[in-house]
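Here are my notes for someone opening this structure for the first time. Have it on screen while you read, and hop between the points as you like.

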Protein chains: 2
Amino acid sequence: VSLRFHFDFISPYAYLGWLRMPALAERVGRPLEPVPVLFAALLDRWGQLGPAEIAPKRAYTYKHALRLAHDQGVPLVPPPAHPFNPLLALRVASLSRGFDERRRIIDALYRACWGGGPGVDNPATVARALDEAGLAGAALVEEATTPAVKARLREQTDRAIADGVFGVPTVIVDGELFWGQDALPHVERFVAGADPIDPAHLASVRAMPASATRPGSARPHSDDGSRSPA
Amino acid sequence: VSLRFHFDFISPYAYLGWLRMPALAERVGRPLEPVPVLFAALLDRWGQLGPAEIAPKRAYTYKHALRLAHDQGVPLVPPPAHPFNPLLALRVASLSRGFDERRRIIDALYRACWGGGPGVDNPATVARALDEAGLAGAALVEEATTPAVKARLREQTDRAIADGVFGVPTVIVDGELFWGQDALPHVERFVAGADPIDPAHLASVRAMPASATRPGSARPHSDDGSRSPA
């Protein structure tokens, strides 16, 4: 069963996670399936704000991502503007192709937004980023704007929400959800059958009641019986 | 200048961070200043939901914390109920005492909520947890419910918000804010003068404009000119 890697180009954490995924998938002997999703739709669904929507968290997130990129030994250069509209890039990344070509597409688009490129928020920059990777930029952009591809991105996002995805990057493997680039070592351990969580202990934790809730907190979707991810 | 460690007993990540702070402070040769803050008030201020307020994120957070505790080699056993009302425990932790006694108090209360104890959501359990650590539980609880101590917790929380604190644990040192237990290695490197962030690069990142915002997103406090933390 594959490692389903959910991402949006808008997230520097998803960028850092993506760069580590091919080697991780190879180490654990599982296919890697990239799943582009619209992060803004996840936020809408769960009534949550993104890191860029809270002033001090926005400032911190960029610094944190720069430090993590340094730790990981990879470049991280933000795009000219952020947040930006990632829809076209997500649709191109959702095109039906073999894994190798999808990886080249996603690598090219990530370089354009977090690797020092001109961003991916308009068709010309997206096409050029693809051209520079030896792909047929204009044709891919044209195909990505068809109704079928737009629907595919919506369906991927809806399914992610149904699976309990609330942020990016998120890996789902064998029904278990892992959120955040910092959880990738936990993914690897889980696939190797060495997850340290005792199922009985976990069951008791999950049955734990709340004894206090925040007065007036808006929790529009916290009690609707959505399937929990595992 | 001290390492100001902002925490709320409600957060398992703050618990994991707290356990690492005394040794970290010793390694970098800085005093450690515990700063209890009410996490719910931070969420209110920034219009954010906490991890326990989004169903799939709540389920994930407990698992993630259990895995991190395993990695760190420390016990993590959630309290009988969560979320719970942490106010009394935060007030006891805010009492004016020398560092050694404050550390004993905070250790005792953390053991009661994340170390397998009965929680800290009522005066009897709080007093007993303190008694078991050789402290005068009943007297500390009584002192913690005075108006002066209630005001101190409010002031600590207000100052944290003014400093840009949006989550727990958060360390502030030399005007720089670090959020999350995963950022503690970055704190240590920063204090040693080895933060990898290039100030000129950072300045350009921080001046980066947004080219898209989420339609209809409620961002009540994202543009009010609050002082950014660094």
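1. Where is Pro83(B) found? Pro83(B) sits in the loop between α3 (55–72) and α4 (87–93) of chain B. The peptide bond between His82(B) and Pro83(B) is cis, with omega about 0°. The element names used here are DSSP runs, numbered from the N terminus: helices are H or I with at least four residues, strands are E with at least two.

2. Some housekeeping before going on. This is a predicted model, where local features need pLDDT of at least 70 and side-chain atom pairs count only at pLDDT 80 or more, while totals for chains, interfaces and linings use all residues. Residues are numbered from 1 along each chain as its sequence is written, chains are lettered from A and ligands numbered from 1 in the order in which they are written, and side-chain values use heavy atoms, with hydrogens and water left out.

3. Now the overall picture of chain A. Chain A has 10 helices and four strands. Read from the N terminus, the order is β-α-β-α-α-α-α-α-α-α-β-β-α-α. The C-alpha trace spans about 55 × 45 × 40 Å along its principal axes. A compact globule of 230 residues would have a radius of gyration near 17 Å, and chain A agrees with its 18 Å. That radius is taken over C-alpha atoms, and the globule rule is 2.2 Å times the number of residues to the power 0.38.

4. What about the inside and the surface? Of the 230 residues in chain A, 55% count as buried. Buried means under 20% relative accessible area, exposed means over 50%, and partly exposed is in between (1.4 Å probe, protein chains only). Chain A exposes about 9,100 Å², with carbon and sulfur atoms supplying 55% of that area. As for contacts (heavy atoms within 4.5 Å), take those in chain A between residues at least 6 apart in sequence: 71% of them join residues at least 24 apart.

5. Thr61(A) belongs to helix α3 (residues 55–72) of chain A and is buried, at 8% relative accessible area. Leaving out residues up to four places away in sequence, Thr61(A) touches Pro12(A), Tyr13(A) and Pro51(A).

6. On to charges. Side chains of opposite charge can pair when their charged atoms come close. Over all chains, the structure holds 24 salt bridges, each being a side-chain nitrogen of Lys or Arg within 4 Å of a carboxyl oxygen of Asp or Glu.

7. Which residue forms a salt bridge with Asp174(A)? The partner is Arg30(A), and the closest N and O atoms are 2.9 Å apart. Asp174(A) is in the loop between β3 (170–173) and β4 (176–179) of chain A and Arg30(A) in the loop between α1 (12–28) and β2 (32–36), so the pair ties together parts 144 residues apart in sequence. Asp174(A) is partly exposed, with 40% relative accessible area. Asp174(A) also has a positive phi of about 50° although it is not a glycine. In chain B, Asp174(B) has a positive phi near 50° too, and Asp174(B) counts as partly exposed at 41%.

8. One salt bridge crosses between chains. The side chains of Glu176(B) and Lys63(A) meet at 2.6 Å, N to O. Glu176(B) lies in strand β4 (residues 176–179) of chain B and Lys63(A) in helix α3 of chain A, so this pair joins two chains. Glu176(B) is buried, with a relative accessible area of 10%, and Lys63(A) is buried at 2%.

9. Over in chain B, Asp163(B) forms a salt bridge with Arg4(B), the closest N and O atoms being 3.7 Å apart. Asp163(B) is in the loop between α8 (147–162) and β3 (170–173), and Arg4(B) is in strand β1 (residues 3–7), 159 residues apart. Asp163(B) counts as buried at 12% relative accessibility, and Arg4(B) is buried at 12%. In chain A, salt bridges that share partners join Arg4(A), Glu33(A), Arg159(A) and Asp163(A) into one network.

10. A last stop at another proline. A cis peptide bond joins Val168(A) and Pro169(A), with omega about -5°. Pro169(A) is in the loop between α8 (147–162) and β3 of chain A.

Technical notes. Areas by Shrake-Rupley, 256 points an atom, 1.4 Å probe, with all protein chains shown as cover.
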